[in-house]
Amino acid sequence: MTVSAYIINDPNVRLWNLTSRIRYERMLSRLGVGNFLNNLSDLPSDHSLLVIRGDFLFDARIFSFLLKQTNVVLEVEVQAGLRPVMAHVDSTLASATCEGMQREHTRDVANLQSVTLQDLSISFSNELRKTDHPYVFPIRENNRVALEEHLFTGSYKGVTDLVTKFLWPVPAKWATRLCAGWGISPNQVTSLSLLLVIAAGVLFAFGQFFWGLVLGWIMTFLDTVDGKLARVTVTSSKWGNIFDHGIDLIHPPLWYLAWGLGLTAFSPFLSWLTLEITFGIILLGYVLGRMVEGIFQWWLGGFVIFCWKPLDSYFRLVTARRNPNLIFLTASLLVGRPDLGLEAVAIWTVGSTLILLGRLLMAGWGKARVGSLTSWLAEIDPVNRNSLAVRMFTNPPVTIK
């Protein structure tokens, strides 16, 4: 059955420069709902209707949940009472449901089942590598800043590297706000990142390590911003995802190659290392590491390997990916030995890859023994904050009134 959507009570409050209608149009278009009604009388008799209170902010997972069934209304606690905020009904109940939601009471609508957030069991997000409960918050001008903060925090990956997790969040929020306000798209940010990738690589190859690192670190920052901007403005796209992840996948080994080409001397602690062997080790380790991640996700766990156990999430902070490796290269430049930075990247790549291979073997053994693997993030309750891992990799439940 085709679904139409109808928004009532639009508060005219913009979150990350989006009205409720634009936000929900973008969210629902990904779920195949493209027919937004301006008048309820325009509803075709063979369509079902998704009625949305525009003065509430909804977790995207709630739309998926309600679209799987009809004649159901979601009620949330508002001012010490349950109030209907979203419903999915067939056309025969559309008018009565809309009227009931306008007067905040739908219990008298026949054949309409009420559900609450407690009926939604979804909490773990593999895409964002974290777990949190679905939310519904009222949208008011006086809580706009808090809602925007929540949307930004929610757009951040729970399990990521130490630079992205601890250094970038605050400046990334400022930059995301600037981009959203100026109407800059995520793909435009990613395009600038690509230019910086190329410029940094050229500077590395010509031995201009300082300026190459400056551009490289700016690129890593923009790599954080584009994803957050896409999520808070609901402008993620398949092409943008390929564009962004393609750059992320390809450029790190090219940077290491360029760094090696720019060296005027190479005197590693391991005397048997040559530049060719060093780069070969980095490239081989990088490819193997990515293959391990892919094998785990596609054939063993169904989620990223770094979400398997808390140990893996801690390990993701320092895994031999671009940002931790840039720390090695930056530190080596500060001590005047950029050649040692490349050696450090090679050594840590070997160590990191061996750890990943070991975890892959353990995962294979675990799956053969118990039949399936489960992410630790899907098993914990983020309300219980006693564990350091829970505090570090999950967000506490938030209440916004």
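This is a predicted model: local features need pLDDT of at least 70, side-chain atom pairs count only at pLDDT 80 or more; totals for chains, interfaces and linings use all residues.
How many residues of strand E1 (residues 3-8) are buried?

**View 1. Strand E1 and the cover around it.** Strand E1 is mostly covered, with 6 of its 6 residues buried. Val 3, Ala 5 and Ile 7 point one way from E1, while Ser 4, Tyr 6 and Ile 8 point the other way, and all are buried.

**View 2. Strands E2 and E3 pair with E1.** Here you can follow E1 and strand E3 (residues 48-53) as they pair in the parallel sense over 6 bridges. Look for Ile 8, whose bridge partner in E3 is Arg 53. Strand E2 (residues 35-36) also runs parallel to E1, joined by 2 bridges, and Asn 35 in E2 is the bridge partner of Ser 4. Together, E1, helix H1 (residues 20-29) and E2 make a right-handed β-α-β unit.

**View 3. Ile 52 in the largest nonpolar core.** This core has 74 residues, and Ile 52 is among the members that touch the most others, along with Tyr 24, Leu 50, Phe 58 and Phe 63. Helix H8 (residues 209-232) supplies the largest share of the core, 9 residues.

**View 4. Asp 59 in its loop.** Asp 59 is found between strand E4 (56-58) and helix H2 (60-67). Asp 59 counts as buried because its relative accessibility is 7%, under the 20% cut-off. Beyond residues up to four places away in sequence, Asp 59 touches Met 27, His 133, Pro 134 and Tyr 135.

Technical notes. Residues are numbered from 1 along each chain as its sequence is written. Side-chain values use heavy atoms; hydrogens and water are left out. A nonpolar core is a set of buried Ala, Val, Leu, Ile, Met, Phe, Trp, Tyr and Cys residues joined through side-chain atoms within 4.5 Å. Buried means under 20% relative accessible area, exposed over 50%, partly exposed in between (1.4 Å probe, protein chains only). Helices (H or I, at least four residues) and strands (E, at least two) are DSSP runs, numbered from the N terminus. Contact means heavy atoms within 4.5 Å. Two strands pair if DSSP finds at least two bridges between them. A crossover is right-handed if, with the strands pointing away from the viewer, the path from the first strand over the helix to the second runs clockwise.
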